[in-house]
Amino acid sequence: MAAEPPHLDETDERIVWELTRDGRLSNKDLAERIGVAPSTCLARVRALREAGVLRSFHAAPDWDALGLPVQAIVAVRLKAQARAQIRSYAQRVVTLPNVLNVFFLGGADDFFIHVACASTSQLRDFVAAELSMDDSVASTQTNIVFDHLSGMEHMAESGSWRDVRAAIPSVGPARVR
């Protein structure tokens, strides 16, 4: 049974919005942006962390600057008889050094694995040795990432989670003239 999600008021949501945009904000600057006292802001952030709403804070490195200029998304399909191993496969793969993210999917593929490598030959070797050679894997498909834009880094200052949750206007059937 899933736990009841915590109730977030507008102030909590604004705190999460601002920290999603920039996790390095000082408590003083965050309190100023939200319009609350620094002590209130600190208590709210602590409560959001304890409730699991704010799970962690991350740096967004420049992979090129770290000598990892090749990024790829590798689609992985497991064999039908390996479905019972899906969680253990994900837990093993997420610990591999080149893996940035593992996305567990519904659909034709079981996983998208986001990796960063020093070269295309390292990428080839990684996919062959670490992903494709696993007995539970039926197939892999590697897609090179030319560029990556993070929506979180481009979130509007004036935006809100309410905007994100808002219904998207439906598009009716095309009219033929």
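This is a predicted model: local features need pLDDT of at least 70, side-chain atom pairs count only at pLDDT 80 or more; totals for chains, interfaces and linings use all residues.

Tutor: Let's begin with Asp110, which sits in the loop between strand S2 (99-104) and strand S3 (111-117). Asp110 has a relative accessible area of 6%, and because buried means under 20%, this residue counts as buried. Its surroundings, leaving aside residues up to four places away in sequence, are Val76, Arg77, Leu78, Arg83, Ile86, Phe103, Phe104 and Leu105. With one of these neighbours, Arg83, the side chain of Asp110 makes a side-chain polar contact at 2.6 Å.

Now for another part of the model, the second largest pocket, with about 190 Å³ of space. Its lining consists of Glu10, Thr11, Glu13, Arg14, Trp17, Arg33, Ile34, Gly159, Ser160, Trp161 and Arg162. Helix H1 (10-21), helix H2 (27-34) and helix H6 (161-165) each give two or more residues to that lining, and the largest share, 5 residues, is from H1. Sorted by class, the lining holds 5 charged, 3 polar and 3 nonpolar residues.

H1 itself deserves a look. Its 12 residues reach 16 Å from first C-alpha to last, close to the 16 Å expected at 1.5 Å a residue. At the start of H1, a side-chain oxygen of Asp9 comes within 3.1 Å of the backbone nitrogen of Thr11. The buried residues of H1 are Asp12, Glu13, Ile15, Val16, Trp17, Glu18 and Leu19, and what covers them includes H2, helix H3 (38-50) and H6.

Terms used:
Residues are numbered from 1 along each chain as its sequence is written. Side-chain values use heavy atoms; hydrogens and water are left out. Helices (H or I, at least four residues) and strands (E, at least two) are DSSP runs, numbered from the N terminus. Buried means under 20% relative accessible area, exposed over 50%, partly exposed in between (1.4 Å probe, protein chains only). A polar contact is a pair of N or O atoms within 3.5 Å; within protein, one must be able to donate a hydrogen and the other to accept it, and residues adjacent in sequence count only if both atoms are side-chain atoms. Contact means heavy atoms within 4.5 Å. On a 1 Å grid over the protein atoms alone, a cavity is a set of points where a 1.4 Å probe fits but cannot get out, and a pocket is an open set with protein on both sides within 12 Å along at least five of seven lines; lining residues have an atom within 4 Å of a point. Grid points are joined across faces, edges and corners, and a volume is the space filled by probe spheres set on the points. Ala, Val, Leu, Ile, Met, Phe, Trp, Tyr, Cys and Pro count as nonpolar, Asp, Glu, Lys and Arg as charged, and the others, Gly among them, as polar. The expected span of a helix is 1.5 Å times one less than its number of residues.
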